[in-house]
Every structure is written in structure tokens, then in C-alpha cells.
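This report is meant for a reader who is meeting the structure for the first time. It begins with the whole chain and then turns to a few of its parts.

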Amino acid sequence: MTSPSRRDLANAIRFLTADVVQQASSGHPGTAMGMADIAEVLWNGFLKHNPANPKWSNRDRFVQSNGHGSMLIYSLLHLSGYDLTVQDLRDHRKLHSKTPGHPELGITDGVETTTGPLGQGFANAVGMAFAERKLAAEFNRDGFPIVDHFTYVFVGDGCLMEGVAQEAASLAGSLGLNKLIAVYDDNNISIDGEVGAWFADDTAARFRALGWNVVADVDGHDSAAIASAFAAAQRSQDKPTLICCKTIIGFGSPNKQGKEEVHGSPLGVEEVALTRKNLGWDHPAFFVPAEILQGWNALAKGAAAENHWNELFAGYSKRYPELAAEFSRRNAGELPKEFDAVVAAEAARILGSDPAKQPLRKGSNRVATRLIETMPEVVGGSADVSVSTLAWTSASRSITKNDFTGNFVHYGVREFGMSAMMNGMAAHGGLLPYGSCYLVFSDYSRNAVRLASLMGLRAVFLYTHDSIGVGEDGPTHQPCEQMLALRAIPGMSLWRPGSELEALVAWEAAFKRKGPTAIVAARQEGAVFAHEPGHLAGIHKGGYVLRQSAGGKPDIVLVGTGSELAQILAAGEQLEQQGKSVRLVSIPNGNLFAAQDRAYQDEVLAFGTPAVFVEAASPLYWYQFLKGPGTVIGVDRFGESATGPELYRLLNITAERVVAEANGLLG
Ligand SMILES: Cc1ncc(C[n+]2csc(CCOP(=O)(O)OP(=O)(O)O)c2C)c(N)n1
Ligand SMILES: [Mg+2]
């Protein structure tokens, strides 16, 4: 029997895709059929991976950013020997299947990141290539390239139209991430039709201008041309590579190829039959002949590659035992042994010193610095506001194109690109990213934060300039609804600390968490008050009793977060002077508090007692906690240009207002 041709191998992808989408009566056949030849060359000729161990640290990363064409990656995983059966493929888009509509991290072995929101997979891949370069700089030694892999990413027209891809491409070019190889599926089609009318860019020229190596005008159906493009890309010494491949969407379908209708609907039973005829594929649906499966199977190759690396790593471990242990710890995502002791020492320092008047971002910076000093896996960064968010710490050193030994990325003014790159770093493993920008611009990056939560990635988003307290910059820079929006993301953990101790717990919890965290720190000063050691446990629960008047049941409960602890502390004093029994509650993390059992929440909020909540932001979030008489003081309009204190007065977020509301409730 003759061995199958490359076209035969690629056709296996085409027909698995066409048949599965036809059977599911839903899905996107066009992309997989169009990119099948490219994928075949990459996976059978270049990709270093071991289907038996999808977590091997030194595997090449493969990201399909045009995630709507998910049948491409599912077919590739199935054919090359991952744990993905034909039945799994047939369950495409069904509840709880291993082949959901778009690729999702954690559901399918071999899927490196969740894609579908166009452009972000590309930015994730930039983050992965960054991680490879950074870990290589830290861990590789002469003769021991233990971190040495490529990151491949497939993008379509849609990904390249998205701004987030431009942001990430620009930074990838500036950083010279030469082991990043992107493939552009230039098929001239997106959902609305031929893209020329809305995407007439000279993409090759654009990427060259961004500092990329570009292999242009490749025929995406010519295996030899594709192979030489990948070989050229691998040789690039100081630039990432974009391979521009001209392809035909839905390749092989005699009546539908090249047309937008093949993008997102089944071909139709008749057209699938005609495509079989056209491509000479006379096998039944879902059947791939043994010799073609054999041609794809990467288990032996993969085992050999990983064994080779295992030997390298064994030698490395002998020669550099401490580095090897550190490398293993980092890849396992474990914290340094001394982490808890450092946290405890910081807590003791804070509890043992007199509270001082300071901007809340300063307290956050101090505790973060102390933790980061002990954590080489932490890679910080900022979207060009490192000095004002205080993301830059005394432990920070810049990463530049020629020196990746530092621990801080200057992302430039690219909030979305930064956040999506952070997701890529976290998904890669070995690094724990934090990145910062002004809270009001979290909206720019919101979908990446959402995906971090969907993927359960450990990433820390540090947002400062948290409210109208920002002052003179005016309403464009004064967040009001952003915390509400972030807290609304399922699984999101948002801290708005009102003290250094709360900030310490926030950072500790963020570094320990499987999932993203937003730490919202104020530029303005926080209240000056002393914590008791007992508060620590309560902070860990997201909310706790901060103060309680002597003598039993409170008449009124005042709840605040962040800088508004100042208002409730002052109001509490005034109300006590008026003879009221007052309880003050701090809820630095409302989502965490809401996740506690009902008994704890009721106990802290003294269920049924009138309550006044205060936060200088959209009040909507807090009504969920109002289980009895009460009110929420917040900001439900845009701010204005003035000093912070003036704005707090203008918008009536003052201790006097809290007192008045409390007295109103008490009748
Ligand atoms: C951010 C985002 N916006 C919109 C969509 C919906 N969408 C899915 S595919 C697509 C068109 C993509 O065109 P292209 O990348 O050229 O894909 P092709 O049809 O060529 O496979 C759109 C608009 C999306 N998935 N993500
Ligand atoms: Mg297209």
C-alpha cells in the first residue's frame, strides 16, 4: 500500500469536520477545511508535542485563535493521538462534551487556551512566547536548553481586524519574540462576505512595520511552500514571524468553497457527498483509514521527544539541583516554601505598628513588594502607568528586548493587550503575572479579564485611581460602574482594601487563588485606624466586624469598603456620641463575603438591623446584602473635575450623610 499523500492526510481533517458539523447541524466547517493543509504540515512536520502528555513543559504551544473553526484543532488532537475519540468529535457542541463550540482550556487535553473571542488567542500566544523567552532566560544553562519551544498561532481575518491583536503584535515586535510564529488564514472571507470592503489593509506591510519577519504570499494549499515557510520562520533570530497564507475557505466543496456561507453553517448532505467526490474521499462518514491514521499518529514521535528532554532535564538536575527543583516548583504552580511565613511576618509588622495616614495604593505597594521579593515567578507590569499605579516596586526590574532576566513588563498603553498577554503567560505555566492600569480603563480589557475567570487562570489585575477620589482629572478618569462590572464576572474575586492589612490579605489570596483577582487600590488616603489580630480571619472571609459599640446588639450597622471606611468610622463616632450602639463592617471583597455561608453573613451584618452601605461607586452591587431596612450611599452619575474632597462633598458621600441616613432609618 502506498503511503498517504499530504493531501490525503489533510482531507481527514476536512471530512471529520464536514461530517461532524453536518451531523451536529451546527458549527463552522469552512475554516478547518481551508486551513487543513497548513495544519497538516505544521503538526506532522514541525510541531513538537507528546499526545500522551499534554502537559509536558517543553512542548510547543499551539493556539487556534480563530476558535470558531474549532473542528480543526479537535480533528488534529484526535488524529495525532490525544485522548479524544471519534465519539467525542461526534458530540461536538453538545452539553458536557469534550468538544464544545469553541476550544476551552481545561475541557480538552491539548487545548492551550480558550479561544473564540477573536484576536485574544493571538494575544495569548504572544504571552506564551513571552513566557518561554522569560523562563529560558532564567533557567537555561550552557548545554541545557530546558526551556526551548515555539509558540504557533493560527489567525483569520477577524483576529487581525481586532485591535487587541494589533496591541499584542506591536509589543511582540518590540520585544523581538522570535519563537512566535503566526499563520494568517488569508481567505478573503468573514461572516458578512468578501472582506475587501472593510479590511483592505496590506497586512504583510503592517506586520513588517511592527518589526515582524513576514513570509508573504504563501499558497496555503501547497504543502511544500507551507513547509518552507515554517522552516524560514523557525530560523528567525530576532523577530516574530507572520506567515501569510492564501487559502480557500471550505476548500473542496465544489459549490460552496470561497463563499461566506461555508463559514458558519453545515455544507448540507448533498454538498458533503459532492465534496467527497471532488476530493476523491470515498470513505464513510467519521471513518479514517488505518494508513491515514498511522500517518498522523504522533505518539511515538512525541514519546521520543519527551524522553530526549527528560534525559536533558536529568542531567540538568544533577548539575543544577536547586535550579531544577525551582523549575519544577514553578511549573507545578506551587508557592515558595517561605510564602506563608513572609505573609505572617508582614501581618505582624502591620499589627505591631501605629497606623499612618497614607494613600491606599502605597500600603498595597508595600505588602506586594515584600511578597514579590520572595517570588521570582511573579512578572509585573503596567499599561504605561507603572509609577502612578505603583505596580512598579523596589523589587521590580524592567524586561527589555535584550534582557529578559527582569520581572517587569512595560506593556505600553495597551490595557487589553496586556491583560490578554497575561492570560497567555498564566496558561503557559511557570509565571504568575500581575498587570496594572487605572480602574476606569479596566473596561478596555474587560473581555480578557472575563476569559481569565472562565479559564480559572491565576492572574492579578491591579487597578488604582479607584473612584471620584481621583479628583481633578475629571469624569473621564473617575470610575463609577467598573467595580460593579468586574464583580459581575462569574468567579471573579475583587478586593477593594481599606487598609494595609486588608491589602496584604488581598495579595496573599490573589497569589494563592486558582482564578483571577482584581485588586482595587485608591490613590487617595485611607482612614487611619488600628486593626486587631482577630480581623485577619474576617478579612479572609471577605467581610467582618471592624468595630462594635460596647454592650450587645447594635442599633445600626454601617458598612464600607476601601477609602470609605473613613466615612463610616467618623459617622460611627458621631452616632455613638448620640447614644446609639453602632457596628462597623468592612467588606473588602463582596464576592468572597457573598460566598460565605448565610449564617456568617447574617452574623456580621446583624441580620435585621438597619444598615447603611457606603462605597464611592455604583450602589447597585450592595443591595443584594440589604436584607432588612437600609440604604446604599454611592455614585450613580459621572463625576466632575475638582479635587477629591470637593467631589465627595458634591456627591454627598460624607460622614454627615451617613449619620443622617442612619438617623432616618432609626426614626
Ligand atoms: C470579538 C469577536 N467578535 C465577533 C465574533 C463573531 N465572529 C465569529 S467568526 C467571525 C468572522 C471571522 O472572520 P475570519 O476570521 O476571517 O474567519 P473565517 O470565516 O475566514 O474562518 C465573527 C465576526 C467573535 N467570535 N469574536
Ligand atoms: Mg477569513
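## The chain as a whole

Because a compact globule of 667 residues would have a radius of gyration near 26 Å, the 28 Å of this chain agrees with that expectation; the radius is taken over C-alpha atoms, and the globule rule is 2.2 Å times the number of residues to the power 0.38. This is a predicted model, in which local features need pLDDT of at least 70 and side-chain atom pairs count only at pLDDT 80 or more, while totals for chains, interfaces and linings use all residues. Residues are numbered from 1 along each chain as its sequence is written, and chains are lettered from A and ligands numbered from 1 in the order in which they are written.

Taken along the principal axes, the C-alpha atoms fill a box of roughly 95 × 60 × 45 Å. The chain has 26 helices and 18 strands, which are DSSP runs numbered from the N terminus (H or I, at least four residues, for helices; E, at least two, for strands). Of the contacts with a separation of 6 or more, 78% are between residues 24 or more positions apart, two residues being in contact if their C-beta atoms, placed from the backbone, lie within 7 Å.

## Burial and helix H20

Of the 667 residues, 55% count as buried; a residue is buried if 20 or more other C-beta atoms lie within 10 Å of its own, exposed if 12 or fewer, and partly exposed in between, with C-beta atoms placed from the backbone. Helix H20 (residues 500–512) is mostly covered, with eleven of its 13 residues buried, among them Glu 500, Trp 507 and Phe 511. From its first C-alpha to its last, H20 reaches 18 Å, close to the 18 Å expected at 1.5 Å a residue, where the expected span is 1.5 Å times one less than the number of residues.

## Thr 609

Thr 609 is found in the loop between helix H24 (598–604) and strand S17 (611–614). Thr 609 counts as partly exposed because 18 other C-beta atoms lie within 10 Å. Not counting residues up to four places away in sequence, Thr 609 touches Pro 554, Ile 556, Val 557 and Gly 628.
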